[in-house]
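Reader: I have a model open in my viewer and would like to learn how to read its features. Could you walk me through it?

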Amino acid sequence: MKAPGRWLAEHWITIASPVVLLLVWEWASTTGRLRAVFFPRPSTIAAHLFDLALDGTLWTHTATTLARIGWSFSLAAVLGVAVGLAMGLWRPLRDGLDPVFAVIYPIPSVLFLPMVSFIVPAGDIALVVTTAVTSFFLIAFTTTHGVRQIDRLVVEAALHYGARGRRLFTTVLLPGALPFIFTGLRLGLGFSLIVVVAVEIVSASRGLGALLWLSWQVLKVEDMYATFFVIALLGALLSYGLAALRARLLPWVPDVGDR
Amino acid sequence: MAPRDPKVLVSEVSVTFESHGRSVVALDRISLEAQAGEFLCIVGPSGSGKSTLLRVLAGLHRQSSGEVRIQADHPGTPLTAMVFQEHALLPWRTVRDNVTFGLENRGVGRGEREARAREMLAMVGLARFARHYPHQLSGGMKQRVGIARALANDPEVLLMDEPLAALDAQTRTIMQEELLRIWATLGKTVVYVTHSLEEALLLGDRVVLLTARPGRVSEIYPVDLGRPRGLEVRGSPAYGALLEKIWTRLREEVVRAIADDRGADHEKSDA
């Protein structure tokens, strides 16, 4: 690929900008240009993050949030891929569901919480179902599109060489849609995180969202920022993890990361 | 030579498409035949239905009327295998798995499949690329895989739809020589669609000239340029004379096709 020197020459700004930002923040809080009550020094936040990790608080809340994301995302992924595939393959279903999806999709998921609570037990189950809604739509949309965009000529060639029914599905339609399914999963995972944290803020006593909100309400601003940082890191890790998984599972896709 | 049943018999085949509520005749009562082991080339202006005819032979499109018969000499192998213009390989399968795809679909055992893939990849010069994915190959190499995939099925008739049209001139020349070699080795019956008259004269035993839409058989020319034939044939007087003769006819059809297109454009702008 590229020489490391050249890579650095192209990307130094990406690496330098957060560092510079933190340094400016540190300087501004120390000199009082930013009010330390609302914008504590990054070094103080780091110390608080360390404390939270040491006394175990951070781990319990992170584990709770991760478990919720896991359930929510799995639910959205299984249903989203299944419904997306069915819509991609079967036109009447697509025509029937498109308008319904178009209406429901833009509604912020958090607003479904009351409705969902009427149907399933309030608490973790309601939270998981609510947070799965947006991801489900994203994954179903991209999966449908993934099936639709498969090169007609490739399908025709597969038919010509005798692929029918189940084999046509497993050897052509599913792998053909997979790059898009992965894109949908990556977006869906990001949204699961966003919505889980948002719902935790409004309705839970545990989890990173709850920790962040509680810290803010009692004005433990350093803890709020520390939690904030953990959420951001979690999001980045999940996204890159899925991208790495995709690169491993889909070796035929040229220039992974472009799409 | 005693008359025998032709390998491919196309009789009075017509194809009509419905387009914007109007029916368009793509092929009009096409009749032709190819003998076993013959290399039959089909040329014609764009829109003459060359590819449609091939798709009918491949079973990808059903003719509106008429009959297609392909003599099956080896039960258990498919009647046709097609090499597509844009190669149409499965991007998610390795070169080897693309070549064995048809065999897999027919339930041929793994050992036999892989032996067959090795043999075919060696024949097209891609033995070292069995584990590559199509996107890692050049255009010419992809088309070699397309040819290996078709041949792996040991079809009664090999169909080729402008297989070299998307390649650059040098690669195309190399591939033409390769095709001649492979055809001489396997002795397959080939129906080959091309828009290049030069290519048809280099490869074919006979050249079928189709008219502009609706496609009819205008004329069938035997190519008496001897075998084995190589690129040097292009320097011979017989080649030049035949090229001139067919081109004169083809040119009329091309001009007519262009005029028809203009006419269609006028109709559109009137509407």
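This is a predicted model: local features need pLDDT of at least 70, side-chain atom pairs count only at pLDDT 80 or more; totals for chains, interfaces and linings use all residues.

Reader: What does the radius of gyration say about chain B?

Author: The idea is to compare the value with a rule for a globule. For 271 residues, a compact globule would have a radius of gyration near 18 Å, and the 19 Å of chain B agrees with that. The C-alpha trace spans about 60 × 50 × 40 Å along its principal axes, and 40% of the residues of chain B are buried.

Reader: How many helices and strands does chain B have?

Author: Chain B has eight helices and nine strands. Let's take one pair of strands. S1(B), residues 8-19, and S2(B), residues 22-34, run antiparallel and are joined by nine bridges. One place to look is B:Val15, whose bridge partner in S2(B) is B:Leu27. In a regular strand, side chains alternate between the two faces of the sheet.

Reader: Which residue takes a positive phi in the hairpin of S1(B) and S2(B)?

Author: That is B:His20, with a phi near 50°; the hairpin has two residues between its strands.

Reader: Which residues have the most contacts inside the largest nonpolar core?

Author: A core is read as a set of buried nonpolar residues joined to one another. The largest one here has 69 residues, and those with the most contacts inside it are B:Cys41, B:Ile42, B:Ala148, B:Leu159, B:Val191 and B:Tyr192. Helix H5 of chain B, residues 139-152, gives the most to this core, with six residues.

Reader: How many residues does each chain bring to the contact between chain A and chain B?

Author: Chain A brings 15 residues and chain B brings 15 residues. On the side of chain A that touches chain B, helices H7 (152-160) and H8 (165-203) each supply at least two residues. H7(A) gives the most, with six residues. Sorted by class, this side of chain A has eleven nonpolar, two polar and two charged residues.

Technical notes
Residues are numbered from 1 along each chain as its sequence is written. Chains are lettered from A and ligands numbered from 1 in the order in which they are written. Helices (H or I, at least four residues) and strands (E, at least two) are DSSP runs, numbered from the N terminus. The radius of gyration is taken over C-alpha atoms; the globule rule is 2.2 Å times the number of residues to the power 0.38. A residue is buried if 20 or more other C-beta atoms lie within 10 Å of its own, exposed if 12 or fewer, and partly exposed in between; C-beta atoms are placed from the backbone. Two residues are in contact if their C-beta atoms, placed from the backbone, lie within 7 Å. Ala, Val, Leu, Ile, Met, Phe, Trp, Tyr, Cys and Pro count as nonpolar, Asp, Glu, Lys and Arg as charged, and the others, Gly among them, as polar. Two strands pair if DSSP finds at least two bridges between them. A nonpolar core is a set of buried Ala, Val, Leu, Ile, Met, Phe, Trp, Tyr and Cys residues joined through C-beta atoms within 7 Å.
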